[in-house]
Amino acid sequence: MGKKIYIYIKSVDLKYNLEFIYVCDSCSYASQLLGYERNWIYHILIRNKGWYKDIIYFSLIPLKTIKIEGKIYTISNNLKETSKIKSYIFKLLKMKGGGLSRKGKRVKVINVINKEVIFYRSKREAARCLKADPASIYSRDKLFRGIYKIEVLE
């Protein structure tokens with residue numbers, strides 16, 4: 001188990017107020033909860049000092065107040081349920097004119113035996129779930145492993 005990650009968002013109504021919305025057991029769990037690769041939040045902590053699109057702030061410690069680049073942010077609690085956290089963050093980002101950007105091409109995988117259709121956000125995610133090399137994930141006429149029909153979507 002990794003370090004806990006605390007998720008804050010900029011309050012919609014107050015300019016320098018952060019809302020504490022969720023705590024995760026690890027960065028990788030938080031990344032996957034939001035639909036990204038395991039190290040996504042870890043890279044945000046390193047490259048962007050915890051900020052994502054100047055709206056979401058990820059921290060390794062719980063905060064009462066914080067001073068960032070000369071601005072003092074006060075913290076309020078607005079905890080969300082695990083099942084609602086992803087939709088809440090996506091809705092907030094969409095409202096602020098952004099959105100969690102998706103990298104890579106979407107992949108559609110059809111299990112021809114049970115007719116199950118699964119969409120993946122990227123070739124890497126599909127490869128991980130199918131326990132394959134990402135280079136082997138491409139649109140093909142032949143079935144992958146004799147079971148899966150793969151389509152790479154634009």
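Modeller: Two strands pair if DSSP finds at least two bridges between them. Helices (H or I, at least four residues) and strands (E, at least two) are DSSP runs, numbered from the N terminus. This is a predicted model, numbered from 1 along each chain as its sequence is written; local features need pLDDT of at least 70, and side-chain atom pairs count only at pLDDT 80 or more.

Biologist: How many helices and strands does the protein chain have?

Modeller: Four helices and nine strands. Along the sequence they run β-β-α-α-β-β-β-β-α-β-β-α-β.

Biologist: What makes β7 and β8 a pair?

Modeller: Five bridges join them in the antiparallel sense. The cut-off is at least two bridges, so β7 and β8 qualify. Lysine 108 faces phenylalanine 119 of β8. Four residues lie between the strands of this hairpin, and lysine 115 has a positive phi near 60° there.

Biologist: Which residue of β9 is the bridge partner of isoleucine 110?

Modeller: Lysine 149. β7 and β9 also pair in the antiparallel sense, over five bridges.

Biologist: Why is β7 called largely enclosed?

Modeller: Buried means under 20% relative accessible area, exposed over 50%, and partly exposed in between (1.4 Å probe, protein chains only). Four of the five residues of β7 are buried, so the rest of the structure largely encloses β7.

Biologist: What covers the buried residues of α4?

Modeller: The cover includes β7 (107-111), β8 (116-120) and β9 (148-152). The buried residues in α4 (123-130) are Glu125, Ala126, Ala127 and Leu130. Just after α4, lysine 131 has a positive phi of about 55°.

Biologist: Why is lysine 105 called partly exposed?

Modeller: Its relative accessibility is 40%. That falls between the 20% and 50% limits, so lysine 105 is partly exposed. Lysine 105 sits in the loop between α3 and β7.

Biologist: Which residues is lysine 105 in contact with, leaving aside neighbours within four places in sequence?

Modeller: Arg121, Ser122, Lys123, Val152, Leu153 and Glu154. Contact means heavy atoms within 4.5 Å. Arginine 124 is 19 residues from lysine 105 in sequence, with the C-alpha atoms 9.4 Å apart.

Biologist: In what order do the six strands of the open sheet lie?

Modeller: The order is β3-β4-β1-β2-β6-β5, with mixed pairing. The edge strands are β3 (51-52) and β5 (65-68), as each pairs on one side only.

Biologist: How do you know that β3 pairs with β4?

Modeller: Two bridges link β3 to β4 (56-59) in the antiparallel sense. The cut-off is at least two, so β3 and β4 count as a pair. Tryptophan 51 stands opposite tyrosine 57 of β4. Helix α2 (40-47) packs on the sheet and touches β1 (5-10), β3 and β4.

Biologist: Why does serine 26 count as buried?

Modeller: Its relative accessible area is 10%, under the 20% limit, so serine 26 is buried. Serine 26 lies in the loop between β2 (17-24) and α1 (27-33). Beyond residues up to four places away in sequence, serine 26 touches Gly2, Lys3 and Ile5.

Biologist: What makes a group of residues a nonpolar core?

Modeller: The members are buried Ala, Val, Leu, Ile, Met, Phe, Trp, Tyr and Cys residues, joined through side-chain atoms within 4.5 Å. The largest core here has 23 residues. Those touching the most other members are Ile5, Ile7, Trp40, Ile41, Ile56, Phe58 and Ile89. Two or more residues come from each of β1, β2, α1, α2, β4 and α3 (82-95). Another core, of 10 residues, lies apart and includes Tyr6, Leu18, Trp51 and Tyr57.

Biologist: What share of the 154 residues is buried?

Modeller: Buried residues make up 39% of the protein chain.

Note on methods:
Heavy atoms only, no water. Axes fitted to C-alpha atoms, helices over the stretch in contact; angles between N-to-C directions.
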